[in-house]
Amino acid sequence: MHPAEKYNSIRRIIFSGVHKHGFDEALKWLEATYRSQLDLTHYRGLKAELAFYREYRQELQLTVAGDMGEHADFSGLHQGQVCRFDVTTNLAYKDFSTYEPFMGEGPQYKIALLSESNFEVIDVLDLAFKPCTDCGGHLVPCVALLNQNYNERGEAQWSNDQLLIDVCTGCQQYFERTRFTTTGMFSPQEVFDSLGDHEDSVSAINARQDHMLNAYRYFRPAADANLMALAEHSYKVTERDGGGYWAFRMVFKNKAIAAELADEIECSHEL
Ligand SMILES: [Zn+2]
């Protein structure tokens with residue numbers, strides 16, 4: 001099981017525990033059984049989700065989201081409007097003044113910011129992004145799931161890299177921020193190809209979709225609390241002779257920014 005699948009299955013177990021046995025029991029499970037199976041970022045993320053759910057479940061009429069592509073931690077009601085809520089502890093509140101609220105076509109989207117030390121809710125904020133210094137557009141964090149690594153002799157390294165990039169909604173430049181190397185986190189195309197030989201291509205499409213949802217949930221706390229999209233690195237043929245270009249192609253977009261974010265961003269072959 002790759003790390004993203006594992007994280008999501010633990011999240012499901014914990015929330016199902018809340019619904020069947022209450023918060024105290026679920027927190028006990030988290031500490032006794034699952035804490036050691038999670039890295040610190042994901043452990044804190046889950047603790048924060050539980051704390052937010054416990055405190056606001058009734059007031060905001062929260063339901064747990066996540067398995068069906070809702071792209072948020074919870075959905076609920078805020079001032080009479082249907083909202084999606086993401087919970088985070090890893091945004092610095094004092095830096096938040098440098099972000100601009102995002103006014104898009106998508107659903108209302110809020111970030112619940114909790115204290116890293118005691119998991120108390122500090123504030124509930126509008127979805128916000130840093131402005132692009134070149135054009136004033138919004139910088140939207142995306143993770144590109146790259147294909148398997150090969151060394152200079154062409155030997156498979158049994159690992160994949162993932163790139164955290166900011167993509168501008170205005171000038172469509174991208175800015176590289178962090179590179180991750182993960183074992184077992186395949187690119188969407190690799191997942192599809194591994195199942196694509198079967199006549200039933202529906203299962204390959206579903207597996208690819210599940211893979212992307214798992215990867216999205218995994219990287220949102222791990223890469224950026226405001227992660228909004230996943231991309232793959234692919235070559236697009238535009239000429240008869242095979243000529244074309246390399247691009248980050250968006251394979252998954254959060255509905256909140258879907259209309260604003262380009263479907264592909266040109267990039268180089270070597271990343
Ligand atoms: Zn820009």
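A crossing of two helices is called left-handed if the near helix is turned anticlockwise from the far one by less than a right angle, and right-handed if it is turned clockwise.

**View 1. Helices H1 and H2 pass each other in a right-handed crossing.** This is a predicted model, in which local features need pLDDT of at least 70 and side-chain atom pairs count only at pLDDT 80 or more, while totals for chains, interfaces and linings use all residues. Residues are numbered from 1 along each chain as its sequence is written. The axes of H1 (residues 3-21) and H2 (residues 23-34) come within 7 Å and cross at roughly 150°, where axes are lines fitted to C-alpha atoms over the stretch in contact and angles run from 0 to 180 degrees between N-to-C directions. H1 is therefore roughly antiparallel to H2, a term used for angles over 145 degrees.

**View 2. Residues of H1 and H2 make the contact.** Two residues are in contact if their C-beta atoms, placed from the backbone, lie within 7 Å. H1 contributes Ile10, Ile14, Gly17, Val18 and His21, and H2 contributes Phe23, Glu25, Ala26, Trp29, Leu30 and Tyr34. By class, this contact has eight nonpolar, two polar and one charged residues; Ala, Val, Leu, Ile, Met, Phe, Trp, Tyr, Cys and Pro count as nonpolar, Asp, Glu, Lys and Arg as charged, and the others, Gly among them, as polar.

**View 3. The protein chain around these helices has five helices and 13 strands.** Helices (H or I, at least four residues) and strands (E, at least two) are DSSP runs, numbered from the N terminus. The C-alpha atoms of the chain fill a box of roughly 60 × 45 × 35 Å, taken along the principal axes.

How values were computed. Angles under 35 degrees count as roughly parallel, over 145 as roughly antiparallel, 65 to 115 as roughly perpendicular and the rest as oblique.
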